[in-house]
Structure formats: C-alpha cells, structure tokens
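Reader: I am new to reading structures. Can we go through one together, with the reason behind each label?
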Amino acid sequence: MNIGDLVKMRVGYSEPGFVLRVDKQFYGANTAYKISRVERGKCIRSNMVDFIGVTADGIRDRVLVLWPDAGYSYEESTALEVISESW
C-alpha cells in the first residue's frame with residue numbers, strides 16, 4: 001500500500017478512499033511473553049512466563065485515508081483493500 005492508492009474497507013460497504021499517508025509498523029508486535037498454564041481465577045505474576053511466542057496479528061501499518069463522504073480517518077492496514085495502485 002502506497003500514497004496515492006485507492007482503497008476500500010474489507011468488511012462492509014464503503015466508497016473508495018484515497019491514501020494520503022502510511023505510517024509503517026505503527027501497531028502491534030511480532031512476539032509476546034506468554035504463559036502456557038494458568039488456572040482460572042488465579043493471579044498472574046511476571047515470573048510465570050513460560051515462553052516467548054508469535055502474536056496473532058503481527059506488526060501492522062496505520063494509514064491516513066481521505067473518504068469522499070466522511071473526510072479524513074486513520075485505519076489499520078489489515079482493514080483496507082487496495083482497489084487501484086498508483087504509479
């Protein structure tokens with residue numbers, strides 16, 4: 001996704017929007033501290049970390065889009081679909 005691309009929302013109907021800015025690696029992380037076994041209702045302490053695992057969504061970009069009906073808004077890159085690429 002680059003500046004000048006036409007995009008639409010992946011879910012639901014939306015009019016095509018115009019990408020004005022792309023902030024690379026704005027949201028998320030690749031890895032996280034995880035705990036494999038914790039009983040329901042027990043507290044979690046920092047020394048209980050078992051492993052470092054991969055996150056579900058990973059790193060995502062933040063995109064500034066100009067929508068014809070709603071104005072400017074920031075959207076996650078995973079929520080957008082590129083319709084037409086700029087040169």
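Author: Start with strands β1 (residues 6-9) and β2 (residues 17-27), which run antiparallel and are joined by two bridges. A word on the source: this is a predicted model, where local features need pLDDT of at least 70, side-chain atom pairs count only at pLDDT 80 or more, and totals for chains, interfaces and linings use all residues. Residues are numbered from 1 along each chain as its sequence is written, and side-chain values use heavy atoms, with hydrogens and water left out.

Reader: What makes β1 and β2 a pair?
Author: Two strands pair if DSSP finds at least two bridges between them. β1 and β2 have two bridges, so they meet the rule. In one place L6 stands opposite F18 in β2. In another, V7 stands opposite G17 in β2.

Reader: What makes a stretch a strand?
Author: Strands are DSSP runs of E, at least two residues long, numbered from the N terminus. L6 lies in such a run, β1.

Reader: What is the order of the strands in the open sheet?
Author: The order of the five strands is β6-β5-β2-β1-β7, with antiparallel pairing. β6 (71-76) and β7 (80-84) stand at the edges. Each has a single partner strand, so one side of each is left without a neighbour in the sheet. Neighbouring strands are turned by 40° against each other on average, direction ignored. For such angles, axes are lines fitted to C-alpha atoms, and angles run from 0 to 180 degrees between N-to-C directions.

Reader: How do you know that β5 and β6 pair?
Author: Six bridges join them, and they run antiparallel. The rule asks for at least two, so they pair. V65 has S73 in β6 as its bridge partner. β5 and β6 form a hairpin, with three residues between them.

Reader: Why is L6 called partly exposed?
Author: Its relative accessible area is 34%. Buried means under 20%, exposed over 50%, partly exposed in between (1.4 Å probe, protein chains only). L6 falls in between, so the label is partly exposed.

Reader: What makes L6 part of a nonpolar patch?
Author: Patch residues have over 30% relative accessible area and no salt bridge, and nonpolar side chains (Val, Leu, Ile, Met, Phe, Trp, Tyr) are joined within 5 Å. L6 has 34%. The patch holds L6, F18, L66, Y72 and I83, with about 460 Å² of accessible area together. Areas come from the Shrake-Rupley method with a 1.4 Å probe.

Reader: Why is the pair of F26 and Y27 called edge-to-face?
Author: Rings of Phe, Tyr and Trp (its six-membered ring) pair if their centres lie within 6.5 Å; planes under 30 degrees apart count as stacked, over 60 as edge-to-face and the rest as tilted. The centres of F26 and Y27 are 5.0 Å apart and the planes stand at 85°, so the pair is edge-to-face. The structure holds one aromatic pair. F26, at 42% relative accessible area, is partly exposed. Y27 is partly exposed too, at 25%.

Reader: Is Q25 buried or exposed?
Author: Q25 has 60% relative accessibility, so Q25 counts as exposed. Q25 lies in β2. Its phi is positive, about 50°, although Q25 is not a glycine.

Definitions and conventions
Helix = DSSP H or I, 4+ residues; strand = E, 2+ residues; numbered from the N terminus. Patch = residues over 30% accessible without salt bridge, like charges linked within 9 Å, V, L, I, M, F, W, Y side chains within 5 Å. Salt bridge = Lys/Arg side-chain N within 4 Å of Asp/Glu carboxyl O.
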